[in-house]
Amino acid sequence: MIIYKSTVKGFLGDVDSNRIDEIMVDTYFKRTLGRVSNAEVSSWRNSLTAMERIVGRSDLPSDAGIAIEYNIPATAKRVDFIVSGYGPSQKSSIAIIELKQWESAEITAKDAIVRTRLGKSLVETTHPSYQAWSYAELLKSFNVEVYEKNIEINPCAYLHNYNSENGVLNDEFYSLHTSVAPLFLREDADALRNFLTQRIQLGDSGETIDRIEKSEVKPSKQLSESIAMMLKGNPEFTMIDEQKIVFEEALYLSEQVKKAGKSVLIVEGGPGTGKSVVAINLLVAILNRNLNVRYVSRNAAPRAVFESKLTGTLKKTTISSLFTGSSSFFNAKKDEYDVLLIDEAHRLNQFSGLYGNLGENQVKELIHASRSSVFFLDEDQRVTLKDVGSQEEIEHWAKIAKANITKLKLESQFRCNGSDGYLAWLDHILQIRETANYNLEGISYDFKIFDSPSELRRAIEEKNQIAIKARLVAGYCWEWKSKKDPKDFDITFPEYNFSMKWNLTEDGRLWILKPESIDQIGCIHTCQGLELDYVGVIIGPDLTLNESGLLITDASKRAKQDNTIKGYKTLLKNHSEEGAKKIDMVIKNTYRTLMTRGMKGCYVYATDEKVREYLKGSV
């Protein structure tokens with residue numbers, strides 16, 4: 001989708017008549033049924049006035065194409081400004097221009113990351129050159145018209161309010177990115193004009209832009225081959241037992257996508273049954289069939305870890321484009337994808353967007369957007385009040401879409417020492433459901449209760465020395481104080497001389513892989529869908545034991561920053577009984593999930609003494 005299309009002549013006329021922002025607002029409303037904020041309208045007005053001075057005083061052909069706010073298919077990303085035409089070799093060519101109104105920025109120690117003020121906050125974000133380059137790479141990897149017809153793409157960034165005396169963005173540290181996507185600042189107007197006119201020498205009346213907008217979206221052959229090469233020989237992604245059965249069924253359905261109608265495959269499986277293993281293998285196999293496929297996960301942590309593990313000879317940005325969140329499909333076209341692989345489907349929400357105000361239902365939108373969709377889920381891992389992913393919900397929307405529904409189950413347990421007995425015991429002692437597993441007798445799994453968090457920490461540190469695969473996690477019952485003051489600690493027990501920080505940093509998504517993470521405490525957001533050898537779990541004051549031996553959950557003991565139970569007071573007020581059950585489920589499922597991250601063992605400390613004694617008596 002493109003908000004504005006014209007030629008150089010038409011664009012200059014619309015800006016000169018002061019109509020450009022009005023045209024864009026009207027078009028945006030008609031195409032998306034949404035309204036544009038005053039801040040975005042002001043941004044358009046300022047940046048497009050700056051681009052009018054660039055284009056109007058350049059030697060660009062008057063019939064060169066102009067596009068503004070091009071929404072890259074399969075993403076929520078939009079290219080700010082495009083100029084199209086023919087380059088020196090008479091080949092179709094476009095220039096991508098990332099526009100920023102920044103006036104200042106700070107260097108960071110992270111590749112391609114800068115710190116700048118957005119709104120009222122100072123935040124870390126990607127360098128404008130990297131952003132422009134990454135958009136170009138997305139087009140080269142997935143837009144059929146671009147990679148088959150060899151359309152030349154020339155990315156750059158223009159910060160029309162930024163003076164070069166500030167220096168930071170042109171620092172040598174960012175040279176790798178500015179070399180592939182040149183950076184133009186306030187005084188570089190002539191240089192930007194030269195950049196554009198050297199690459200767009202003849203006009204095309206916007207034909208190249210039209211071709212790109214209407215193009216099929218499929219992975220290039222190079223991308224498919226590179227991902228497959230990375231996966232070969234990686235034992236972490238080897239399928240066994242019924243994983244292979246699910247894999248072949250999903251592959252069969254993907255092969256039928258263009259002749260058998262819409263299909264939905266629901267794959268149920270508990271912790272460690274290999275849902276993600278099957279999903280990643282399917283991603284590669286379907287790519288090799290030249291089908292348009294994506295790996296989708298509501299949780300960012302698994303995506304970041306898989307991207308990291310698959311990164312090799314292929315550019316990380318290209319790999320990242322195969323992995324996406326679940327909130328970018330609310331405006332997708334029907335059957336835009338051949339296959340969507342939805343991992344951790346139990347974490348899907350109803351609405352999308354930062355403020356939860358976009359779309360209608362993520363399950364519905366994912367089914368609508370793909371010919372074949374595969375939902376991997378474990379309903380016992382729904383850990384927020386917003387999680388709506390369930391077999392019932394998926395079947396409901398699949399039937400409305402008239403999709404063929406197939407249901408399979410992954411049974412074999414490869415986590416928790418392959419012990420289904422441990423999982424059944426965990427359900428019993430957390431009082432999620434009654435099972436016959438009252439204790440751990442005869443179950444080969446290393447489970448221990450500790451009387452102090454310091455003892456727990458020492459035990460996990462010892463296990464970590466073996467293979468760097470042991471970590472501490474906790475329920476989100478402590479405020480994130482170190483966010484404001486890096487010298488402060490978040491989780492403290494003075495009586496035990498225990499002080500540690502949350503892992504909730506910019507790199508928190510890769511917490512489970514980083515060796516230094518042994519000094520931090522993880523949470524549900526950074527470990528769900530991932531596994532360790534040993535996990536140490538701190539059960540917070542949101543779970544206590546009453547005199548009758550019942551586990552009591554208390555959402556008020558969660559940190560104020562914990563969005564998993566956001567809105568619980570309103571829920572209890574309007575639906576007291578149903579709300580209490582849902583909150584109970586969220587808190588117990590959170591600890592169930594945390595206590596099943598360890599393949600070899602789980603060590604626990606509970607802040608409530610009665611809970612500690614209860615657990616000891618159940619072992």
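**Notebook: cysteines, sheets, buried charges and salt bridges**

I began with Cys 156, which is buried in this model, at a relative accessible area of 0%. The model is a predicted one, and I kept that in mind for each entry below. Cys 523 was the next cysteine I looked up, and it too is buried, with a relative accessible area of 1%.

**Entry on the chain as a whole**

I noted that the chain has 619 residues, of which 56% count as buried, and that its secondary structure comes to 21 helices and 24 strands.

**Entry on the six-stranded sheet**

I traced an open sheet of six strands with mixed pairing, and wrote its order down as β1-β2-β3-β4-β8-β9. Which strands stand at the edges? They are β1 (2-7) and β9 (183-184), and each has a single partner strand, so one side of each is left without a neighbour in the sheet. Further in, I followed strand β4 (residues 92-100) and strand β8 (residues 152-159), which run parallel and are joined by eight bridges; Ile 94 stands opposite Ile 153 of β8. Helix α1 (residues 8-16) packs on this sheet, where it touches β1, β2 (65-71) and β3 (78-86), and its direction makes about 110° with that of β1.

I then turned to helix α7 (residues 189-199), where the buried residues are Ala 189, Leu 192, Arg 193, Phe 195, Leu 196 and Thr 197. What covers them includes helix α3 (38-56) together with the strands β4, β8 and β9.

I asked why strand β10 (residues 263-269) is largely enclosed by the rest of the structure. Six of its seven residues are buried, so the strand is largely enclosed. I looked up its partners as well: six bridges join β10 to strand β14 (residues 370-377), running parallel, and seven bridges join it to strand β15 (residues 404-410), also running parallel. Val 267 has a bridge partner in each, namely Phe 376 in β14 and Leu 408 in β15.

Lys 275 belongs to helix α11 (residues 275-287). I wrote down that Lys 275 is buried yet has no salt bridge, since I find its nearest side chain of opposite charge, that of Asp 378, 5.0 Å away, whereas a salt bridge needs the nitrogen and oxygen within 4 Å. Apart from its neighbours within four places in sequence, Lys 275 is in contact with Gly 269, Gly 270, Asp 343, Phe 376, Leu 377, Asp 378, Gln 381 and Leu 410. Asp 378 does take part in a network of salt bridges, which links it with Asp 427, Arg 433 and Arg 592.

I found Ala 474 in strand β17 (residues 470-474), buried at a relative accessible area of 1%. Ala 474 and Gly 522 are 48 residues apart in sequence, but their C-alpha atoms are 6.4 Å apart in space. The contacts of Ala 474 beyond four places in sequence include Gly 522, Cys 523, Trp 502 and Leu 594.

Thr 590 lies in helix α20 (residues 576-594) and counts as buried, at 3% relative accessibility. Beyond its neighbours within four places in sequence, I listed Val 383, Ile 524 and Arg 558 as its contacts.

**Entry on salt bridges**

A search of the whole structure finds 29 salt bridges, and I looked at three pairs in detail. Glu 98 and Lys 100 form one, with their closest N and O atoms 3.1 Å apart, and both residues are buried. Lys 149 pairs with Glu 145, with the closest N and O atoms at 3.3 Å; here Lys 149 is partly exposed, at 48%, while Glu 145 counts as buried, at 15% relative accessibility.

Glu 547 and Lys 610 meet in a salt bridge at 2.5 Å, N to O. This pair links distant parts of the chain, 63 residues apart, with Glu 547 in the loop between β22 (543-545) and β23 (551-553) and Lys 610 in helix α21 (residues 609-618). Is Glu 547 buried or exposed? Glu 547 is exposed, with a relative accessible area of 71%, and Lys 610 is partly exposed, at 40%.

Key
Residues numbered from 1 in each chain as written. Predicted model: local features only at pLDDT ≥ 70, side-chain atom pairs only at ≥ 80, totals over all residues. Heavy atoms only, no water. Buried < 20%, exposed > 50% of the residue type's maximum accessible area, 1.4 Å probe, protein only. Helix = DSSP H or I, 4+ residues; strand = E, 2+ residues; numbered from the N terminus. Lys, Arg positive; Asp, Glu negative; His and termini not counted. Contact = heavy atoms within 4.5 Å. Pairing = 2+ DSSP bridges. Axes fitted to C-alpha atoms, helices over the stretch in contact; angles between N-to-C directions.
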